[in-house]
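Please study the sequence and the structure before reading each solution.

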Amino acid sequence: MLADGLGHGPEAARASSAAVAALHRWAHLSPAESLQRLHDALKGTRGAAVALAQLDVRAGRLRFAGIGNVGARLRTDGTWRPLLSRPGIVGVHRPATLREEEADWAADRLLVLHTDGLPSRWTPPSDAVLPAADPAVTAAVAIRDASSPARPVRDDTAVAVLTPIPPEHP
């Protein structure tokens, strides 16, 4: 899950933290069902943009659902495709229906979740060695490459990277 509390400061952090704490109770539910429950859990906060990805490793399936201005890109067979979030704010204004996207999950897949701190036209690099990189390095490169001297990284920029194989550490 990637949750971006509405606005900035302690109240935005409170909304994001509430989403993280609440999701622990519903991790077994589908992403759409979890978002519906998170909506109720975040009432009384500023609300948040939330993206949820769920893996079934045995079945080789990825399920995704999102609400708000959070993005997701899935790398499949060397190309990137967006996974779309619905407009709204979890805890404030939820869409009437939530659409889930499903995709195969295999050894060559890579998922990048990101907040609106990255430009809307941002596209992950097409580097062939990217899936072999440590997810933290991939996230750092995404933030570095999406920024420019004219537009430094914003304080609400977050990137989460999911790979099928954990990186090897010495």
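**Exercise 1.** Determine which residues make the nonpolar surface patch of about 240 Å².

*Solution.* The patch is made by L55, V57 and L162. Patches consist of residues with over 30% relative accessible area and no salt bridge, nonpolar side chains being joined within 5 Å. L55 belongs to strand β2, and its relative accessible area is 31%. L55 therefore counts as partly exposed (buried is under 20%, exposed over 50%, partly exposed in between, with a 1.4 Å probe and protein chains only).

The model is predicted: local features need pLDDT of at least 70, side-chain atom pairs 80 or more, while totals for chains, interfaces and linings use all residues. Residues are numbered from 1 along each chain, and side-chain values use heavy atoms, without hydrogens and water.

**Exercise 2.** State where in the chain the partners R61 and E102 lie.

*Solution.* A salt bridge requires a side-chain nitrogen of Lys or Arg within 4 Å of a carboxyl oxygen of Asp or Glu. For R61 and E102, the closest N and O atoms are 3.3 Å apart. R61 lies in strand β3 and E102 in strand β6, 41 residues apart. R61, E102 and D104 are linked in a network of salt bridges.

**Exercise 3.** Explain why the buried residues of α1 line one face of the helix.

*Solution.* The buried residues of α1 are A12, A15, S16, A19, A22 and L23. Seen down the axis, they fall within an arc of 130°, so they line one face. In general, an α-helix has 3.6 residues a turn, so residues three or four places apart point the same way.

Key. Helix = DSSP H or I, 4+ residues; strand = E, 2+ residues; numbered from the N terminus. Arc of directions from axis to C-beta. Patch = residues over 30% accessible without salt bridge, like charges linked within 9 Å, V, L, I, M, F, W, Y side chains within 5 Å. Areas by Shrake-Rupley, 256 points an atom, 1.4 Å probe, with all protein chains shown as cover.
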